[in-house]
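Work through the exercises below with the sequence and the 3D structure open. Try each task before reading its solution.

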Amino acid sequence: MATPQIVIIGPPGAGKGTQSSNIEEEYGVEHITTGDALRSNKDMDISYLDTEHDTPRAYMEAGELVPDVVVNEIVAEALSAADGFILDGYPRNLEQATELEEMTDLDMVLSLDVSREELIRRLTGRRVDPETGDIYHTEFNMPDDEEVQERLEQRDDDSREAVERRLDVFEDTTAPVVEHYRDYEGFVEIDGEQHPEDVWDEIKKAIDAHIDD
Ligand code: AP5
């Protein structure tokens with residue numbers, strides 16, 4: 001495997017963004033994240049689709065999935081420009097998984113497993129540095145620099161209500177995608193409830209073992 005093509009899947013708050021940054025740095029692949037892409041285009045006019053809401057923002061703040069057609073296009077464009085990738089946040093339903101199979105081949109699917117109680121704690125405490133995109137947590141990972149502390153922001157969809165909804169959407173819609181990949185030879189399940197460095201050690205070992213195959 002030259003430049004790996006990897007999907008990372010797991011519930012909101014499982015640590016996909018945190019670990020994708022490690023993978024990007026270690027293996028020189030591109031981090032493609034539908035969540036960040038949609039956050040950068042929150043107010044895009046999608047009224048022409050004639051679906052429930054007219055912007056991605058409205059779906060995201062409610063904790064609902066943005067219509068497939070919008071997300072599929074973002075991913076197709078990003079994949080066509082990437083030489084190796086870690087794909088984070090896609091596919092989120094079985095239709096998107098079918099779409100992805102038509103776009104490219106995958107070397108690995110990494111699935112992060114974390115309990116609901118821990119996910120709620122992580123997401124409601126998450127803070128993001130708007131200048132660097134670095135992810136922190138109010139309880140166990142705050143920056144030392146006071147200037148950085150002061151500019152940290154909470155994501156609109158990290159309110160308790162939106163988090164509960166996002167977790168329900170994961171159970172109903174994305175958990176079947178994890179099951180769909182379970183028999184695939186590049187599928188690896190990782191215990192995401194460990195310390196972030198231990199999660200990273202496990203992921204790195206899994207990728208290295210796969211590269212050596
Ligand atoms: P998206 O941005 O993809 O959000 P998500 O899947 O809900 O995942 P998060 O980014 O919240 O969590 P994460 O797993 O990356 O966790 P992180 O590393 O930050 O999507 C947002 C919205 O966009 C969706 O709700 C939907 O509306 C829309 N959307 C996106 N993709 C779509 C698609 N394909 N189709 C349709 N709609 C789509 O970690 C969380 C916190 O925990 C941090 O504070 C971190 O510091 C901490 N942490 C991480 N690891 C650990 C650890 N091991 N121990 C302790 N704390 C940890």
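Contact means heavy atoms within 4.5 Å. The model is predicted.

**Exercise 1. Find the buried residues of helix H6 and say which elements they pack against.**

Solution. 
Step 1. A residue is buried if its relative accessible area is under 20%. In H6 this picks out Glu118, Leu119, Ile120, Arg122, Leu123 and Gly125.
Step 2. Look for what these residues pack against: strand S5 (126-128), S6 and helix H8 (160-181).

**Exercise 2. Describe the overall build of the chain: which elements does the chain have, and how compact is the chain?**

Solution. 
Step 1. Count the elements: there are nine helices and seven strands.
Step 2. Compare the radius of gyration with the globule rule. The chain has a radius of 17 Å, and the rule gives 17 Å for 213 residues, so the chain is as compact as a globular protein of that length.
Step 3. Take the box along the principal axes; the C-alpha atoms fill roughly 45 × 45 × 30 Å.
Step 4. Turn to burial and surface. Of the 213 residues, 44% count as buried. The chain exposes about 11,200 Å², of which carbon and sulfur atoms supply 42%.
Step 5. Check how far along the sequence the contacts reach. Among contacts with a separation of 6 or more, 67% are between residues 24 or more positions apart.

**Exercise 3. Decide whether serine 20, threonine 174, valine 188 and aspartate 50 are buried, partly exposed or exposed, and describe where each sits.**

Solution. 
Step 1. Serine 20 lies in helix H1. Serine 20 counts as buried because its relative accessibility is 0%, and buried means under 20%. Its side chain reaches the backbone oxygen of lysine 16 at 2.6 Å. Leaving out residues up to four places away in sequence, serine 20 touches Ile8, His31, Ile86 and Asp88.
Step 2. Threonine 174 belongs to helix H8. With 5% relative accessibility, threonine 174 also counts as buried. Beyond four places in sequence, threonine 174 touches Ile9, Pro91, Arg92 and Val169. A polar atom of its side chain lies 2.9 Å from the backbone oxygen of arginine 92. Threonine 174 and isoleucine 9 are 165 residues apart in sequence, with their C-alpha atoms 8.6 Å apart.
Step 3. Valine 188 is in strand S7 (residues 187-191). Its relative accessible area is 23%, so valine 188 is partly exposed.
Step 4. Aspartate 50 is in the loop between H2 and helix H3 (56-62). At 70% relative accessible area, aspartate 50 is exposed.

**Exercise 4. Describe the backbone at aspartate 50 and at proline 91.**

Solution. 
Step 1. Aspartate 50 has a positive phi of about 60°, although it is not a glycine.
Step 2. Find proline 91 in the loop between strand S3 (85-88) and helix H5 (94-103).
Step 3. Read the peptide bond from tyrosine 90 to proline 91: the bond is cis, with omega near 5°.

Notes:
Residues are numbered from 1 along each chain as its sequence is written. This is a predicted model: local features need pLDDT of at least 70, side-chain atom pairs count only at pLDDT 80 or more; totals for chains, interfaces and linings use all residues. Side-chain values use heavy atoms; hydrogens and water are left out. Helices (H or I, at least four residues) and strands (E, at least two) are DSSP runs, numbered from the N terminus. The radius of gyration is taken over C-alpha atoms; the globule rule is 2.2 Å times the number of residues to the power 0.38. Buried means under 20% relative accessible area, exposed over 50%, partly exposed in between (1.4 Å probe, protein chains only). Accessible areas come from the Shrake-Rupley method with a 1.4 Å probe; for residues, only the protein chains shown count as cover. A polar contact is a pair of N or O atoms within 3.5 Å; within protein, one must be able to donate a hydrogen and the other to accept it, and residues adjacent in sequence count only if both atoms are side-chain atoms.
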